[in-house]
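Colleague: I would like to go through the terms used for this model and hear the grounds for each.

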Amino acid sequence: MSMSAVIPQPVERENYLNTKYGVWSWLLTTDHKRIALLYLLSITFFFFIGGFFALLIRLELLTPAGDLVQADTYNKLFTMHGMVMVFFFLIPSIPAVLGNFLVPLMIGAKDLAFPRVNLLSWYLYIIGGVMMMHCMLTGGVDTGWTFYAPFSTNFTNTKIVEAGLAIFVAGFSSILTGLNFVVTIHRMRAPGMTWSRLPLFIWAHYATSIIQLLGTPVVAVTIVLVAAERALHLGIFDPKLGGDPLLFQHLFWFYSHPAVYIMILPSMGVVTEIIACFSRKRIFGYHFVAFSSIAIAVFGFLVWAHHMFVAGISVYSALVFSFLSYAVALPSAIKVFNWTATLYKGSIHYDAPMLYAFGFLGLFTIGGLTGLFLSALGIDVHVTDTYFVVAHFHYIMVGGAVMGYLGGMHFWWPKISGRLYPEGWARLAALIVFIGFNLTFFPQFILGYMGMPRRYYDYSHMPEFQILNVLSTAGATVLGVGYLLPMVYFLWSMRYGKPASDNPWNAAGLEWKTASPPPTFNFDEEPVVTWEAYNYEELDAPHPQKEEVPVAR
Amino acid sequence: MPDSTLVGLQHEEEHHPELLHHFADAQQQRDASSLGMWVFLATEVMFFGGMFCAYLVYRRWYFGDFGAASKSIDATLGATNTAVLICSSLTVVLAVWAAQTARRTLLIGSLILTMLLGLAFLGIKGKEYKDKFEEHHVPGASFSFENVPIPGHPGEYANPRHAQIFFSLYFVMTGLHALHMIIGLGIFTWLLALAWKGRFTPEYHTPVEIGGLYWHFVDIVWIYLFPLLYLIDRHP
């Protein structure tokens with residue numbers, strides 16, 4: 001009794017987490033921050049489902065003989081791995097979790113423009129996810145995530161229509177998220193938050209949303225046509241009936257190539273925030289970084305046929321698409337050079353988010369440069385459908401997108417949870433992820449260049465490929481540990497982590513000017529912005545103690 | 001605007017029951033809703049765009065067959081439907097104007113008239129589908145399109161497989177358009193219920209405006225579908 005009288009218990013202030021309890025306060029919430037957490041739980045679930053398939057794939061390839069699973073099962077494994085990871089993890093990952101949480105906070109709004117639509121988008125995602133789970137548990141699909149016709153429409157006996165519908169529904173969830181972001185960024189900015197004061201995370205999400213809005217409907221209608229073709233044998237994609245399977249590929253890749261930029265652009269936005277904060281500098285060439293996001297979104301729509309160089313398109317159009325694919329490298333390179341220039345003479349801190357950002361820089365550069373190999377017609381013909389392609393897109397989609405996602409989760413975790421994660425463990429995890437990733441995927445570049453085709457479960461005619469495959473499988477195990485660790489210590493920190501201050505990184509940006517975790521309506525008073533973005537020189541100048549970066553435990 | 005009016009307006013808006021908590025004022029809410037509908041319509045353009053793309057590819061390849069197949073559809077019904085939809089656009093505009101100027105009877109009347117015209121469109125569409133079904137022009141097992149001459153090329157007959165592609169596109173495109181009409185009828189039922197309760201005022205009538213935008217968009221899709229599907233190669 002006397003103790004409690006002497007030491008007053010600190011009263012936790014009301015925030016979005018403790019304002020209401022109970023299942024319905026979460027399932028019927030319209031608060032963008034709670035919806036972000038709903039998404040976080042659901043995409044983590046699908047990440048581990050997809051990871052489980054990846055594990056089985058890697059175990060099968062440990063030995064040259066096809067001994068762990070049968071050929072049909074293997075076809076289903078890589079198909080479901082791709083579908084789950086692309087449509088149910090990567091596409092919603094950063095936008096639906098970090099974007100949902102941060103877009104209103106960063107621009108000084110109380111919520112997204114359409115909170116109920118935001119909740120609807122989560123329910124659509126869940127409906128699509130349940131359909132996908134049902135499809136996988138009752139047989140799955142074996143076409144590869146690309147659904148190529150006429151195999152998907154006329155030949156395979158697996159559950160194409162159900163998987164297609166699941167992706168159709170999840171696609172609408174993605175469209176609604178993009179719509180909400182575009183309207184919010186246009187209409188809900190706080191007074192003084194002009195376009196050139198927006199954090200570059202917002203610019204990246206704006207560009208992402210444009211792709212989601214203009215690309216997703218096209219894949220939706222393509223799926224409708226595939227389902228109709230399968231049910232009624234219309235002939236739209238069937239060469240026997242006068243249809244054209246290449247038309248399917250055109251329509252499919254018109255969305256699915258830009259979809260890669262849906263995955264990587266938000267990650268670039270995250271990395272921009274992290275690099276500015278941990279270099280304590282204004283980002284170099286703000287406008288170039290901002291408009292390179294828009295340029296990537298625009299160019300991204302003009303390169304889809306580079307997936308079809310060997311499919312029988314004309315050499316002339318292949319040349320044009322090859323040239324345009326090179327053109328995408330320009331805005332991507334602008335970003336990498338500007339990040340590097342930001343680091344130059346910066347006061348660099350090696351905290352866990354920054355380690356992930358460094359990892360992103362290296363891996364994205366490798367992934368991007370090998371993309372140029374693949375844009376070149378001659379090399380592409382040589383390595384099409386080999387592990388070179390597999391390695392290339394995993395460097396972008398896992399090395400790029402997932403590194404950014406994890407970096408962002410660490411950077412904003414104090415804001416999301418109100419707790420600090422254990423810095424030492426986090427740095428260790430970042431290192432493990434980086435090593436595990438390279439060990440998994442770098443050997444695949446060599447395998448592909450040596451000629452190992454993708455999607456084969458048995459390579460016993462080429463036993464010399466085994467050593468590199470063993471390395472890759474070993475790397476995947478390390479990578480798995482690296483992904484499990486953050487989940488463990490994030491959960492741990494929610495209960496045992498040290499309480500975070502409002503701005504533990506002494507970072508610029510409106511999201512750090514409210515409490516951690518923020519109150520339900522984000523700001524106690526409507527913020528008015530009078531400063532430029534990334535004003536780190538100003539932030540650091542007047543204070544005698546330079547930063548309040550938490551010390552590693 | 002004089003300051004006193006501005007203050008009065010803001011005061012009123014703060015208490016307006018339709019202003020959601022996260023908007024600063026009614027103007028911001030209106031702008032957001034309207035931009036949201038425009039952006040949504042952009043996604044709809046892409047949704048139909050994929051099908052228009054498929055249509056254009058096959059129309060170029062199989063022009064004669066498409067002409068023959070197109071000629072088998074009743075253009076009079078199609079033209080009537082075009083007229084019906086243009087009239088419904090007029091009634092939608094009237095509804096928006098009635099909401100802006102607080103004419104409740106006109107608003108309710110225009111909404112009902114719009115819905116009746118929409119139903120008439122779907123009825124005529126149903127008649128067209130029934131004709132196609134009876135003529136065995138629905139793609140699938142019982143599809144038949146034998147010995148149909150290609151317009152303008154005496155002695156040449158359409159390839160039934162290529163005609164089937166035309167009819168596939170015809171049914172998918174008009175079918176998805178009809179689905180949009182049905183969703184539009186749902187939206188207008190909701191608007192009618194709100195109008196009946198007197199919820200729309202000159203200050204708050206955004207739902208009528210954005211519902212109207214959606215209706216106009218669906219009309220415009222039809223304005224493209226009609227010539228592309230019904231009038232490919234009509235010769236007198």
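Predicted model: local features only at pLDDT ≥ 70, side-chain atom pairs only at ≥ 80, totals over all residues.

Colleague: What makes helix 15 of chain A roughly antiparallel to helix 16 of chain A?

Modeller: Helix 15 (residues 423-450) of chain A packs against helix 16 (residues 466-496) of chain A at an angle of about 155°. Angles over 145 degrees count as roughly antiparallel, and therefore this pair is given that name. The axes of helix 15 and helix 16 of chain A are 7 Å apart, and the crossing of the two is left-handed.

Colleague: Which classes of residue make up the contact of helix 15 of chain A with helix 16 of chain A?

Modeller: That contact has 22 nonpolar and six polar residues, with no charged ones.

Colleague: How many residues does each chain give to the whole contact?

Modeller: Chain A gives 34 residues and chain B gives 28. On the side of chain B that touches chain A, two or more residues each come from helix 2 (26-61) and helix 6 (160-196) of chain B. Helix 2 of chain B has the largest share of that side, 16 residues. The side of chain B that touches chain A comprises 14 nonpolar, twelve polar and two charged residues.

Colleague: What makes helix 3 of chain B largely enclosed by the rest of the structure?

Modeller: Helix 3 (residues 63-71) of chain B has nine residues and seven of them are buried, so it is described as largely enclosed. The buried residues are G64(B), D65(B), F66(B), G67(B), A68(B), A69(B) and S70(B). Their cover includes helix 2, strand 1 (149-150), strand 2 (153-157), helix 6 and helix 7 of chain B.

Colleague: How do you know that W413(A) is buried?

Modeller: W413(A) has 25 C-beta neighbours inside 10 Å. The cut-off for a buried residue is 20 or more, so W413(A) counts as buried. W413(A) lies in helix 14 (residues 387-417) of chain A. Apart from its neighbours within four places in sequence, W413(A) is in contact with Y421(A) and F490(A). W413(A) and A500(A) are 87 residues apart in sequence, yet 9.3 Å apart in space, C-alpha to C-alpha.

Colleague: How do you know that helix 4 of chain B is close to the expected span?

Modeller: Helix 4 (residues 75-100) of chain B has 26 residues and reaches 38 Å from its first C-alpha to its last, against an expected 38 Å at 1.5 Å a residue. The buried residues of helix 4 of chain B include G78(B), N81(B), V84(B), L85(B) and S88(B). Helix 5 (104-134) and helix 7 (206-230) of chain B are among what covers the buried residues. Helix 4 of chain B is followed by A102(B), with a positive phi near 60°.

How values were computed: Residues numbered from 1 in each chain as written. Chains lettered and ligands numbered in written order. Contact = placed C-beta atoms within 7 Å. Helix = DSSP H or I, 4+ residues; strand = E, 2+ residues; numbered from the N terminus. Nonpolar A, V, L, I, M, F, W, Y, C, P; charged D, E, K, R; others polar. Axes fitted to C-alpha atoms, helices over the stretch in contact; angles between N-to-C directions. Parallel < 35°, antiparallel > 145°, perpendicular 65-115°, else oblique. Left-handed = near helix turned anticlockwise from the far one by under 90°. Expected span 1.5 Å × (residues − 1). Buried ≥ 20, exposed ≤ 12 C-beta atoms within 10 Å, placed from the backbone.
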